[in-house]
Number of protein chains: 2
Amino acid sequence: MGLAERILQGDVRAAARLMKEVDDQVPSAVQELKKIYPHTGRAYVLGITGSPGVGKSTLADKLIAAFRAEGKKVGVLAIDPTSPFTGGAILGDRIRMQTHATDPGVFIRSLATRGAMGGLSKSTNAMVHILDAMGMDIVLVETVGVGQDEVDVFKTAHTAVVVTVPGMGDDVQAIKAGILEIAHIFVINKADREGADRTAADLTMMLDLGHYGERDWRPLVVKAEAIRGVGIEELLEAIARHRTHLDRGEVLATHLRERARAEFLEILKDSLAGRVLEGLEASGRLEQIIAQLAAKETDPYSVVEGVLKERLRD
Amino acid sequence: MGLAERILQGDVRAAARLMKEVDDQVPSAVQELKKIYPHTGRAYVLGITGSPGVGKSTLADKLIAAFRAEGKKVGVLAIDPTSPFTGGAILGDRIRMQTHATDPGVFIRSLATRGAMGGLSKSTNAMVHILDAMGMDIVLVETVGVGQDEVDVFKTAHTAVVVTVPGMGDDVQAIKAGILEIAHIFVINKADREGADRTAADLTMMLDLGHYGERDWRPLVVKAEAIRGVGIEELLEAIARHRTHLDRGEVLATHLRERARAEFLEILKDSLAGRVLEGLEASGRLEQIIAQLAAKETDPYSVVEGVLKERLRD
């Protein structure tokens, strides 16, 4: 039996293996992804984002426990910034979530953010498909919520949760570009800290001003103290409300089309560039081009035009 | 006279116009960029990054004043996260830098971070070329330092400065993935605040552990209080030291090749995808593909393979 077939039967080791192959960009992984794709679309994808230190992982941990209590299987994808330093911090998070490590109904994987050519959202989509295909009811995607890459990742979630803490005050701006516009739910964690009400009021005011949120969904604001389990029920309720909203009318269909479009474009972009670059590298022309560019003997725009003329059919 | 010729003569309005065309992705802009490219490479590109609120703009302001006092012309590129909310904050920064607005030796432009297809680093490279070609001695590129896009932008700088503040403590991790590895200089701004020595010690320790920095350059740590002008001289000295280092041996040549390679790849990737997408959109096939994907009638990997087979020559 191939990897895909084993994954579709819920085989954890097969899933782990395909995920590793996707991460390592093993070419044959695509053949397996093709086979599982038609069987995806059942899992509910929950995005959780927030700066380091806001308690995302503790919150994720409590959510996992709550979903498990409902008998749901949960896949977790943690997107790690690739940095030797943050590596350590992230490791701590992973360990915190290890309370679920022995639970066969929970599958946790972290995904490194690679270089620009790697395509973070492409890999994330593939990982979500694998978790989905292996029968996870919920797929929790956790990111630090910065950069266009992560915005793209966040967009793939059915419900997108932004976690913040009191006293971010003026620094709500620290929640990065594009994230605010996508958020369906804001969690003010560590709500026992001074300023929680103020932060909630600030957020509500900005929502009133229509500064962000999708046109047909006003983001919900939930106060929580994840470490003591406070607010988790309210958060679950907010998620359920958003899920009901999605299920109504055209909203989910639109979301699915947008997801499909974004994923297709990402794979197209990556594959085109990969294929053309392979050719340039194999023939030794890439190094030649770069030497000429560094010497200002030509310009990148003209070189690209030439390459396109050569490689693209009309 | 065309835009390019006017820019090469230092015409500010021509430069502003081409920058706007680049930003709006006007196709003819590429023809002008081709003409100026051979005349670029004289400006020294200084990258400044740090989270919102660390005082980047104040620091930039003081640096501009110092460079101006040396008679150097300074171009400033401020990369803005595209968010209605941060929009406001950024505007404040811009206003702070407006002390130089009437100085003909200073040219300030902000650049919005667009969607993923826009190609932030592609636009930034073009803007740097324009400022370079119009005769700016220094080009200062200011970013908030998050995400792969901005890491790419930061990499184009000759000297990359990361600004932080005391008490980021554990949150030095907030300085994002990839940025630490690139930094040539760390500035601990607001150094009158409690914890400045601790932050400096933490940074130094991490440098000692070899956690980041390029192999042949140990990053310098500078304490500053930008608002009072304290530490600016030390920062300028640190920049000069790194510049001397770059000028020695193969370092600069390597940097230029890496820059050329990154820029070429970025333009290639973007143009390939743009051209192929145009075709799919014009024929109405894109919508068809997306509908099929959303319905799970096919998978994106197979569709992309088909498109590549159709459009790519061997």
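Two residues are taken to be in contact if their C-beta atoms, placed from the backbone, lie within 7 Å. In the predicted model, contacts of this kind join helix 11 of chain A to helix 13 of chain B. On the chain A side, the residues involved are A:Glu263, A:Phe264, A:Ile267, A:Leu268, A:Ser271, A:Leu272 and A:Arg275. These meet B:Pro300, B:Tyr301, B:Val303, B:Val304, B:Val307 and B:Leu308 of helix 13. The axes of the two helices are 9 Å apart and form an angle of about 45°. Helix 11 of chain A and helix 13 of chain B are therefore classed as oblique to each other, and their crossing is right-handed.

The largest nonpolar core comprises 168 residues, of which A:Ile130, A:Val139 and B:Ile130 touch the most other members. Helix 11 of chain A gives the most to this core, contributing 10 residues. Apart from neighbours within four places in sequence, B:Ile130 is in contact with B:Ile7, B:Ala15, B:Leu18, B:Met19 and B:Ile36.

In chain B, helix 11 covers residues 251-282, 32 residues in total. The distance from its first C-alpha to its last is 46 Å, close to the 46 Å expected at 1.5 Å a residue. After helix 11 of chain B comes B:Gly284, with a positive phi near 80°.

In chain A, the loop between helix 11 (251-282) and helix 12 (285-294) contains A:Ser283. A:Ser283 counts as exposed because it has 10 C-beta neighbours inside 10 Å, the cut-off for this class being 12 or fewer. A:Ser283 and A:Val128 are 155 residues apart along the chain, and 36 Å separates their C-alpha atoms.

Technical notes:
Residues are numbered from 1 along each chain as its sequence is written. Chains are lettered from A and ligands numbered from 1 in the order in which they are written. This is a predicted model: local features need pLDDT of at least 70, side-chain atom pairs count only at pLDDT 80 or more; totals for chains, interfaces and linings use all residues. Helices (H or I, at least four residues) and strands (E, at least two) are DSSP runs, numbered from the N terminus. The expected span of a helix is 1.5 Å times one less than its number of residues. A residue is buried if 20 or more other C-beta atoms lie within 10 Å of its own, exposed if 12 or fewer, and partly exposed in between; C-beta atoms are placed from the backbone. A nonpolar core is a set of buried Ala, Val, Leu, Ile, Met, Phe, Trp, Tyr and Cys residues joined through C-beta atoms within 7 Å. Axes are lines fitted to C-alpha atoms, for helices over the stretch in contact, and angles run from 0 to 180 degrees between N-to-C directions. Angles under 35 degrees count as roughly parallel, over 145 as roughly antiparallel, 65 to 115 as roughly perpendicular and the rest as oblique. A crossing is left-handed if the near helix is turned anticlockwise from the far one by less than a right angle, and right-handed if clockwise.
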